[in-house]
Protein chains: 2
Amino acid sequence: MDVIPEILKNVIEDISSLPGYGEKSAQRFAVNLLKMPRKDAINIIKDLSLMLEKIHPCKECGIFSEEEICPICNSEERDKSIICVVEESFDAFAIEKTGKYNGLYHILGGRLSPLEGITEEDLNISSLLQRVEKLKIKEILLATNPTVEGEATALYIANLLKNKDITISRLAYGLPFGAILENADEFTLTKAIELKVKI
Amino acid sequence: MDVIPEILKNVIEDISSLPGYGEKSAQRFAVNLLKMPRKDAINIIKDLSLMLEKIHPCKECGIFSEEEICPICNSEERDKSIICVVEESFDAFAIEKTGKYNGLYHILGGRLSPLEGITEEDLNISSLLQRVEKLKIKEILLATNPTVEGEATALYIANLLKNKDITISRLAYGLPFGAILENADEFTLTKAIELKVKI
């Protein structure tokens, strides 16, 4: 007998359409929601609804925000001559946590990935170029992920900006804190040696 | 600056409270919903709401169902002298797909796990014993997962039923279809030899 309720099938189809989910993980997600106290599960759904209603990309930088223009773009205290370019909002949130950066952000919404068919038109690159002109930006800090694709995306953007009078920088490579030296890959270790710092 | 919108923080806290989720996977879940066309994301939330409204455990066997009594318990065509005991609804759904079983089910809602503090009171075991009496069950097919905990749960239930006039069976162990023999663990291979079948 086909005894899986249609409603449950729809949920599994929905969740398995999300990146990183398969049928089994979608089933687990549904089962976990159904097994928790119904009141708590309904609260989770309410929070998700509220998120979809209230959270949108900032019209300037693209960071997820409750306001049309995010608190960073709106702040009087941020340095508006520098933009840090990241792949996703949570990358910017992570940088904010360090307290070491006081400029603006620009969220690309991903990275160039020929394999996944993600090209420059899929990323917020033209809006970056517009902001660079409009805000008379003096420095761009490229903070895409230190992966092959993140690196290619950073180089692509650096290339677009090379004839302008802008300092272009990149987050430093090196050993992550707490790393075990003998396990570090060759590339990371090479960079850590090249960029050695005096103590 | 603490720029993560409160609403987004709540969602991440919600999702990371689900088993198998951490902060990063909860972030990914939220970001994926926020990045898809808003209409599609809202549809997913609607499906989840509908699931929480309509899907409940069957009052008899505990399988997830839209009806108070599930189609299996309600069917005239099922053999009501045998109960297949499984950990979760999706285990029963998987067995139904084979078309090889025509009896009833009983959903335990998990397995005994001293490490996670899951005891017999947390599982639907007393309702199983009641059904065994009420339905005058002749056979119990134990189909908990072939793990240490699933096995212990099966043995625990078998023990509760041992003085009754009931045939108690267990799903066969053996090589899974498509397995590579040299990679099979010793226990599986031992069982496959012990339970060898004539061809």
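1. Basis. This is a predicted model: local features need pLDDT of at least 70, side-chain atom pairs count only at pLDDT 80 or more, and totals for chains, interfaces and linings use all residues. Residues are numbered from 1 along each chain as its sequence is written, chains are lettered from A in the order in which they are written, and side-chain values use heavy atoms, leaving out hydrogens and water.

2. Fold of chain A. Chain A has eight helices and six strands. These are DSSP runs: helices are H or I with at least four residues, strands are E with at least two, numbered from the N terminus. The order along the sequence is α-α-α-β-β-α-β-α-β-α-β-α-β-α. The radius of gyration is 21 Å, well over the 16 Å that the globule rule gives for 199 residues, so chain A is more spread out than a compact globule. That radius is taken over C-alpha atoms, and the rule is 2.2 Å times the number of residues to the power 0.38. The C-alpha trace of chain A spans about 65 × 45 × 35 Å along its principal axes.

3. Symmetry. Chain A superposes on chain B by a rotation of 180° with 0.0 Å of shift along the axis, at an RMSD of 0.0 Å. The two copies are thus related as by a two-fold rotation axis. In chain A, Ile45(A) has the C-alpha nearest the axis, 3.4 Å from it.

4. Interface. The copies meet through the same surface, because 100% of the interface residues of chain A are also interface residues in chain B.

5. Core. The largest nonpolar core has 117 residues. Such a core joins buried Ala, Val, Leu, Ile, Met, Phe, Trp, Tyr and Cys residues through side-chain atoms within 4.5 Å; buried means under 20% relative accessible area (1.4 Å probe, protein chains only). Leu33(A), Met51(A), Leu33(B) and Met51(B) have the most contacts inside it. Met51(A) reaches across to chain B, where its contacts (heavy atoms within 4.5 Å) include Ile7(B), Leu8(B), Leu33(B) and Arg38(B).

6. Annotations. UniProt, in an unreviewed entry, places a C4-type zinc finger region at residues 58-73 of chain A. The end C-alpha atoms of that span lie 8 Å apart. The UniProt Toprim domain, also from an unreviewed entry, covers residues 81-176 of chain A. That span is 33% helix and 18% strand. Such annotations may be inferred rather than shown by experiment.

Note on methods. Copies are superposed by least squares on the C-alpha atoms of residues with pLDDT of at least 70 in both. Buried means under 20% relative accessible area, exposed over 50%, partly exposed in between (1.4 Å probe, protein chains only). Lists of a residue's contacts leave out its neighbours within four places in sequence.
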